[in-house]
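Colleague: Can you put the model up? I'd like to go through some side-chain pairs.

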Amino acid sequence: MLFWVIAAILTLGASLAVLLPLAAGPNRESSSGDHDLEVYRDQLSELDRDAARGLIQPAEAAEARAEIGRRILRLDNADAVGKASTRQVTPRLVATVAVLAVPLVSWGVYSRIGSPDLPSQPLSQRLAKNPADSSVDELVARAEAHLAANPADGRGWDVLAPVYLRMQRFSDAVAAYRNAIRLDGDSGMRQAGLGEAIAGAAGGIVSADAQDAFEAALRLDPANAKASFYLAMALAQEGRNKEAATAWQAMLGTLPPDSPWRDAVEKALVKSGGPEAGSSAAVKGPDAADVDNASSLSPQDREAMINTMVAGLDEKLRQNPRDTEGWMRLVRSYVVLGKADQARDALGRAISVFGAGSDEAKKLTAFAASLGLAATE
């Protein structure tokens, strides 16, 4: 019932705010136009009599007639304004009906499809509910409220960080993991989670900061599967597919049969070294093996060989431009060769292929940034 009372008061107030200006007519004083007109006519008659008797000069009589005529014209204009105001009554009536119809129609619709009898649930009451009956968002809000009041609760940050990660709130997860590490100390699980959050915030790119976190996780826990998987992924993102495949293959030999990482590793292996990776559609570039083979050549021949392979990759990407991994290998190759301008040019061409707002462009931009390369305008 309280809801309907408040709704009625608010609706009445809003309606009056619109209706009162419409109902009010123009503020003008009552005019005695007809009486004034008779007075001016009497003045004209008296003026004609005085002129006929010679009591007033003809020029003065003409000037007086003109002045009386101007006053009569002003009376006519005032009358026209009054008539115009009368013509505005109909639009005001239509507007009034429309304003009254809005709350009536909205109340009728809400009474049919709304829930006016549903009791209110303030945030404080929702947070006080049994955790088993709360939604994930309510539980997170409860944890955030607790940590806002107790920012030094490392255990709270440690619990909230992986929840942020599952919700894909990567920036919040990064902050939560850093707080947990700062307050409760380092651990392989926390460092691996931090690395995953950093990579997620970068669109899936394992940047240098993420690699540092994963390497720290392995130092603390050499069997940490998450850290090993993402470090291998970093190799693949740099175009070092053979090294990545070797790392993933080594993981398969150590993972238990029921490990949730086995499926991810097997799929990554197929993508990096399986039949799909050898298809004709894939664009190849110089990898670690090519560089090793070139190491036996003279410096001039080695540089010529590498430049030839990079140029070949560049040409293949012009023919088959929709290959994100190929563009990443090309950008990295130019950076390694010290050709920053050509690397930026390749990055710009890649972004123009996929579109500046696409996921591929964001991935390429983040990858280039991890190499210390910024996209040109």
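Modeller: A pair to begin with is glutamate 238 and arginine 240, whose side chains meet in a salt bridge at 2.9 Å, N to O. A salt bridge here is a side-chain nitrogen of Lys or Arg within 4 Å of a carboxyl oxygen of Asp or Glu. This is a predicted model: local features need pLDDT of at least 70, and side-chain atom pairs count only at pLDDT 80 or more, while totals for chains, interfaces and linings use all residues. Residues are numbered from 1 along each chain as its sequence is written, and side-chain values use heavy atoms, with hydrogens and water left out.

Colleague: Is glutamate 238 buried or exposed?

Modeller: Glutamate 238 is buried, with a relative accessible area of 18%. Arginine 240 is partly exposed at 25%. Buried means under 20% relative accessible area, exposed over 50%, and partly exposed in between, with a 1.4 Å probe and protein chains only.

Colleague: How many salt bridges are there by this rule?

Modeller: The count comes to 13 salt bridges. One of them joins arginine 155 to aspartate 158, with the closest N and O atoms 3.8 Å apart.

Colleague: Where do arginine 155 and aspartate 158 lie?

Modeller: Both are in helix α7, 3 residues apart, which is about one turn of the helix. Helices (H or I, at least four residues) and strands (E, at least two) are DSSP runs, numbered from the N terminus. Arginine 155 is exposed at 54% relative accessible area, whereas aspartate 158 counts as buried at 17%.

Colleague: What about arginine 169 and glutamate 144?

Modeller: Their side chains form a salt bridge of 3.0 Å, N to O. This pair links distant parts of the chain: arginine 169 sits in the loop between α7 (154–166) and α8 (170–184), and glutamate 144 in helix α6 (residues 136–149), 25 residues apart. Arginine 169 is partly exposed at 28%, and glutamate 144 is partly exposed at 29%.

Colleague: Which residues are linked in a network of salt bridges?

Modeller: Asp314, Arg318, Asp345 and Arg349. Aspartate 314 is in helix α15 (residues 299–319) and is buried, with a relative accessible area of 8%.

Colleague: What is aspartate 314 in contact with, leaving aside its neighbours within four places in sequence?

Modeller: Leu330, Tyr334 and Arg349. Contact means heavy atoms within 4.5 Å.

Colleague: Changing topic to rings. How many aromatic pairs?

Modeller: There are 4 aromatic pairs. Rings of Phe, Tyr and Trp (its six-membered ring) pair if their centres lie within 6.5 Å; planes under 30 degrees apart count as stacked, over 60 as edge-to-face and the rest as tilted.

Colleague: Why is the pair of phenylalanine 214 and tyrosine 230 called stacked?

Modeller: The ring centres of phenylalanine 214 and tyrosine 230 are 5.0 Å apart and the planes are at 5°, so the pair is stacked. Phenylalanine 214 is in helix α10 (residues 208–220) and tyrosine 230 in helix α11 (residues 225–237), 16 residues apart. Phenylalanine 214 is buried at 0%, and tyrosine 230 is buried at 14%.

Colleague: And phenylalanine 229 with tryptophan 261, what is the geometry there?

Modeller: Their ring centres are 5.3 Å apart with planes at 45°, so that pair is tilted. Phenylalanine 229 lies in helix α11 and tryptophan 261 in helix α13 (residues 261–273), so the pair ties together parts 32 residues apart in sequence. Phenylalanine 229 is buried, at 7%.

Colleague: Which residues do ring pairs link into a cluster?

Modeller: Phe214, Phe229, Tyr230, Trp248 and Trp261.
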